[in-house]
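Biologist: Can you walk me through this one? I'd like to start with charged pairs.

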Amino acid sequence: MSVERVPVLVVGGAYTGLTTAVSLAARGVRPLLVERRPHASTLPKAWGLNTRSQELLNTLPGVARRLRAALGEAQWPRMSHGVSLADPQRTFLDPEAGQPDPHLLSSVPPLAWVSQAQVENILRVSAEEAGVDLRLGTELVSLAQDEEKVTATLREVSTGRAYTVEADYLVAADGNTSGVRDMLGIPVHGGGTIGHMYIITFEADLTRYVEKGAVEVIGMPGSGSSFILDGSERHTLWVDYFPERGETPEDFTPERCLERVRAAIGDPEIDVTIVNARFFPINHKLAERFREGRVFLAGDAAHACPPNGGQGGNLAIQDAYDLSWRLSLVLTGQAGPGLLDTYESERRPVVTITLERELELAKISEGRVPASYNPADPHAPIPKPKEYLGFRYHSPAVHTEADDDGSLQEDPWNPTGRPGGRAPHVVLSDGPREFSTHDLFGRGFVLLAGHEAPGWVAAAEKVARTLGVTLTAHRIGDRLADSDNAWCDRYGVGPAGATLIRPDAVVAWRGKRAADDPEGDLTTALNAILAR
């Protein structure tokens, strides 16, 4: 029997798996993605892409265009607290005046209020367009691995036909109950299942109480539930329930679901159609390791966090992107396999910080929404830009400077440009068009050089040819104008310096001043970063 061979086998077809697949295909590596479910979910599941996730997704062909179209109809969600939707005394939790302007951090919205179902559909269509081999209704039965490959047995769910696939690497993107993780015997730590929710998706005309198309997150303190209005006629009610009190999912009969929805609306007579009702465990889990040989865990397979701050899906997208650019460089011969070791060492601290903050947020929430908090309180356990834009990576894939303090975060409104941090947003122009520095990143390495440093560009072009690495160089102040004169300050370099940006828009190395041997400096830096 012939055995199919693929470079990467991705198991799981939600946020993590689809982002991995599209990102690999965009970099010249055509993966095979298998998903046990025969059809994509149309339920919203989760909402909201933070700035970091949007910036990464915007680098993927097809995704950026479709995401912009989806965002064209999206509104900024308001947050309120009240007894019900009909409560005339509902209190809105709008940010206080004087807060830093989030638009100074990025050219993308501070939050993209789109549902997980919308984003997954965008990723799926883009994956097909990019040539990804998508096989819905196919499950992983078993796997084995050696030093050269992973051997997987796959099975078509509808027919039972089993066959074998060999892959250079396997990405476990199969969620919180990951079968791949279990096959590998990787333990998980954390609080486990720390709570339970019942999610009721329904349709109703709510224009008596809110404007048509309203986008709102509504907490109802004391009720154990919260509302999400997502701008359509389809809405979601999240309800806490407690097995320790003898409550079970079976208690949520159609009659009880209807009663809870009407009570949350505040209208006992309103026409409601229940679309879906389902159990949802609140998990706090962290895998003991994210890698076993040639198999990598990503997204919920590696870590699962409470949904209260909406960061689980964002972590999944970011894991997938960070792993895929590394895999593509190794598989295309641009990097040594040691680069793959840096995936976990960089992601684990970021994930841990977010998980612990989400755990604190879950403690003060009812349904999915905090029962009470001040959005301007710097100590409130809500997601903040410092968490998802101010992160700092530390690994051999970053050329850490001698005076680095080893910090895991910095203030994104006052960036230092130090290696390991996200490349700061600076507005550039090439004449009639203005754009962000982030519009230059994504496909390969990018060198940004000052206007007094002509030698850097020529050196980068020669190093790219010599090492066979995708590296593009731009001279700020030449064809790219920095009208705010912000680039040198935000990146921490002089007008004769340069900075090297990885495909994930992270600063990998910088030379603050002019170099005697720019070609040698770049060669040394890239060889170390790429584990060559």
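Modeller: This is a predicted model. Start at Arg-65, which is partly exposed at a relative accessible area of 46%.

Biologist: Which residue does Arg-65 meet in a salt bridge?
Modeller: Glu-129. The N to O distance between their side chains is 3.8 Å.

Biologist: Where do Glu-129 and Arg-65 sit in the chain?
Modeller: Arg-65 is in helix H3, residues 63-71. Glu-129 is in helix H4, residues 116-129.

Biologist: Is Arg-66 buried or exposed?
Modeller: Buried, because its relative accessibility is 17% and the cut-off for buried is under 20%. Arg-65, at 46%, counts as partly exposed.

Biologist: How many salt bridges does a search of the whole structure find?
Modeller: It finds 32.

Biologist: Give me another one. What does Asp-404 pair with?
Modeller: Arg-392. Their side chains form a salt bridge at 2.4 Å, N to O. Both residues lie in the loop between H9 and E21, so the pair ties together parts 12 residues apart in sequence.

Biologist: Are Asp-404 and Arg-392 buried or exposed?
Modeller: Asp-404 is buried at 17% relative accessibility. Arg-392 is buried too, with a relative accessible area of 2%.

Biologist: Which residues join Arg-392 and Asp-404 in one network?
Modeller: Asp-405, Glu-410 and Arg-418. Salt bridges that share partners connect the five.

Biologist: What do the polar contacts of the Ser-407 side chain look like?
Modeller: One goes to the side chain of Asp-405, at 2.9 Å. Another goes to the side chain of Arg-418, at 3.3 Å. Asp-405 and Arg-418 are both members of the salt-bridge network.

Biologist: Which residues is Ser-407 in contact with, leaving aside neighbours within four places in sequence?
Modeller: Arg-392, His-394 and Arg-418.

Biologist: Switching to strands. How does E11 pair with E15?
Modeller: In the antiparallel sense, over 13 bridges. E11 covers residues 188-203 and E15 covers residues 273-287.

Biologist: What other strand is joined to E11 by 7 bridges?
Modeller: E14, residues 234-240. E11 and E14 also run antiparallel.

Biologist: Pick a residue there. What stands opposite Ile-199?
Modeller: In E15, Arg-278 stands opposite Ile-199. In E14, Trp-238 does.

Biologist: Last topic, packing. How many residues are in the largest nonpolar core?
Modeller: The count is 94. Leu-9 and Phe-445 have the most contacts inside it. Helix H7, residues 312-331, gives the largest share of this core, with 9 residues.

Biologist: What about a second core?
Modeller: There is a separate one of 22 residues. Among them are Tyr-198, Met-220, Leu-229 and Phe-252.

Note on methods. Residues numbered from 1 in each chain as written. Predicted model: local features only at pLDDT ≥ 70, side-chain atom pairs only at ≥ 80, totals over all residues. Heavy atoms only, no water. Polar contact = N/O pair within 3.5 Å; in protein donor to acceptor, adjacent residues only side chain to side chain. Contact = heavy atoms within 4.5 Å. Core = buried A, V, L, I, M, F, W, Y, C linked by side-chain atoms within 4.5 Å. Buried < 20%, exposed > 50% of the residue type's maximum accessible area, 1.4 Å probe, protein only. Helix = DSSP H or I, 4+ residues; strand = E, 2+ residues; numbered from the N terminus. Salt bridge = Lys/Arg side-chain N within 4 Å of Asp/Glu carboxyl O. Pairing = 2+ DSSP bridges.
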